[in-house]
Amino acid sequence: MGIRLPGFFLAKQILRQSVLNAEKGASTSLDLPKGFLAVYVGVTQMKRFLIPVSYLNQPLFQELLSRVEEEFGFNHSMGGLTIPCGEDTFTDITSQLIRS
């Protein structure tokens, strides 16, 4: 008997789809499913991720945003929420949020 983690697979699928959309250049607000937020992640080349709005209430994600604000501020040319960290770091953090 296996353990079902539908939320984990859904979030992973959404993250994967958002990366594919970013590579295609799709970045309009019409691409956002209800309850999700576009976040641009990267240092030199930004990738667009879609995250559940509920992440904004998670202490781990709030800590990440606080560090980003302290170091870089929130005034970025992308127009959306920009997190200048490595893609691997961001996916590690979101994976921890999915598991909690």
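Good morning. I begin with the largest nonpolar core, which has 15 residues; among them, Val41, Phe61, Leu64, Ile83 and Phe90 touch the most other members. A nonpolar core here is a set of buried Ala, Val, Leu, Ile, Met, Phe, Trp, Tyr and Cys residues joined through side-chain atoms within 4.5 Å. Buried means under 20% relative accessible area, exposed over 50%, and partly exposed in between, with a 1.4 Å probe and protein chains only. At least two residues of this core come from each of strand 1, strand 2, helix 2 and helix 3.

This is a predicted model, in which local features need pLDDT of at least 70 and side-chain atom pairs count only at pLDDT 80 or more, while totals for chains, interfaces and linings use all residues. Residues are numbered from 1 along each chain as its sequence is written, and side-chain values use heavy atoms, with hydrogens and water left out.

The predictor's confidence in each residue, pLDDT, runs from 0 to 100. Its mean for the protein is 74, and 64% of the residues reach 70 or more. Helices (H or I, at least four residues) and strands (E, at least two) are DSSP runs, numbered from the N terminus. Among these elements, the lowest mean pLDDT, 51, belongs to helix 1 (residues 6-24), and the highest, 91, to strand 2 (residues 47-52). Where pLDDT is low, the predicted coordinates should not be read in detail.

Three strands form an open sheet with mixed pairing, in the order 2-1-3; two strands pair if DSSP finds at least two bridges between them. Strand 2 and strand 3 (81-83) are at the edges with a single partner strand each, so one side of each has no neighbour in the sheet. Strand 1 (residues 36-41) runs antiparallel to strand 2, and six bridges join them. Tyrosine 40 stands opposite arginine 48 in strand 2.

How do helix 2 and helix 3 meet, and at what angle do their axes cross? The axes come within 9 Å and cross at roughly 155 degrees. Axes are lines fitted to C-alpha atoms, for helices over the stretch in contact, and angles run from 0 to 180 degrees between N-to-C directions. Helix 2 and helix 3 are therefore roughly antiparallel to each other, a term that applies to angles over 145 degrees. Leu60, Phe61 and Leu64 of helix 2 make the contact with Phe90, Ile93, Gln96 and Leu97 of helix 3, where contact means heavy atoms within 4.5 Å.

Notes: Angles under 35 degrees count as roughly parallel, over 145 as roughly antiparallel, 65 to 115 as roughly perpendicular and the rest as oblique.
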